[in-house]
Amino acid sequence: MSSRTNISCLQEAARVAIFGGTHGNEMSGITLVNMWIQNSAEIERNRLVVKPFISNPRAVEKCSRYIDTDLNRAFTPETLSAPDVEGLPYEVQRAKEINQMFGPKGSSDAYDVIFDLHNTTSNMGSTLILESSTDLFNLQMVHYIKKALAPHTCSVLLNEHPQLKYSTTRSVAKHPIGLEVGPQPQGVLRSNVFESMRTILKHALDFIQLFNSGVEFPPCTVDVFRVQERMDYPRDTNGNITAMVHPHLQDCDWEPLNHGDPMFLTFDGRTVLYEGANTVYPTFINEAAYYEKQQAFMTTCREILAANAIRKACK
Ligand SMILES: CC(=O)N[C@@H](CC(=O)O)C(=O)O
Ligand SMILES: [Zn+2]
């Protein structure tokens, strides 16, 4: 029997967009994108269209997460097909524009790749966010980035949970990928966070250029953290929070949380323990933007994804 390797031939990635300011108070992505709009030399690659783009300019101007509603939840089929009437929430209108410019979502006309640059107040380090465990192009890209970064590290968050997945701005592209770097307070620029983001983008664009030039990428595996559950703060009967993230959990993103470990510290000094049977890996711990979403942190489980070899399809 001859052994044949399984190579998946994928479409060239000719058009790439880099979004900053999907949330108007996340300063690293906003600053990088504005810099690249001024001078794009650093992100230019052969035979590749790379478009730096401020996705929520009005929120950026106000330095707030959004004007009317969270843009990064607005890319549902219902919102995108809403009739163009006057008085639509700003982000709904903007989502429809972005879908026109970079989509339409789900169509062959859509951009190939959208990188969406975010910052978190959580101590997550550099994190790539995937929305599908079967997107070979993105899995290979993430594998490449992780290798290129070593000895520095980068976590991969997989958000394909049927209930917890949300309709992101980047989801307009064929290969949506989020980049979340922290900790960085809202409205603040930190040089280490800025530089980490910039380096990851460089490796990502290098990967795309290599892929487009015909390089074959061998089969690989990627360690990911799969979104499992959102954990809310303890609350009183009026819905007000009654506890804080416990000091033993604060800043411990991606570290194992086991049955019996402290989770919250109530205002009156009681410790609330994690009661789950299985070890989980919390992330987005004490993210500022998630208080309004009733989320103190998110639990994930570890998983290893395998990806076929890929190369560009011959036309
Ligand atoms: C802190 C923050 O904004 N995080 C992003 C994560 C993502 O892009 O998937 C969000 O909630 O939209
Ligand atoms: Zn964000």
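User: What makes a residue part of the surroundings of ligand 1, and which ones are they?

Analyst: The test is a C-beta atom, placed from the backbone, within 6 Å of the molecule. His23, Asn72, His118, Thr120, Ile129, Thr168, Gly178, Glu180, Glu287 and Ala289 surround ligand 1. This is a predicted model, where local features need pLDDT of at least 70, side-chain atom pairs count only at pLDDT 80 or more, and totals for chains, interfaces and linings use all residues. Residues are numbered from 1 along each chain as its sequence is written, and chains are lettered from A and ligands numbered from 1 in the order written.

User: How do you know that the globule rule fits here?

Analyst: The rule is 2.2 Å times the number of residues to the power 0.38, with the radius of gyration taken over C-alpha atoms. For 315 residues that puts a compact globule near 20 Å, and the protein has 20 Å, so the two agree.

User: Why is the largest nonpolar core called a core?

Analyst: The name means a set of buried Ala, Val, Leu, Ile, Met, Phe, Trp, Tyr and Cys residues joined through C-beta atoms within 7 Å. Buried means 20 or more other C-beta atoms within 10 Å of a residue's own C-beta, placed from the backbone. Here that set has 81 residues, with Ile18 and Phe115 among those having the most contacts inside it.

User: What makes you place this core between domains?

Analyst: Domain 1 (7–224 + 305–312) and domain 2 (230–298) both contribute residues, so the core lies between them. Those bounds come from an automatic or database domain assignment.

Terms used. Buried ≥ 20, exposed ≤ 12 C-beta atoms within 10 Å, placed from the backbone.
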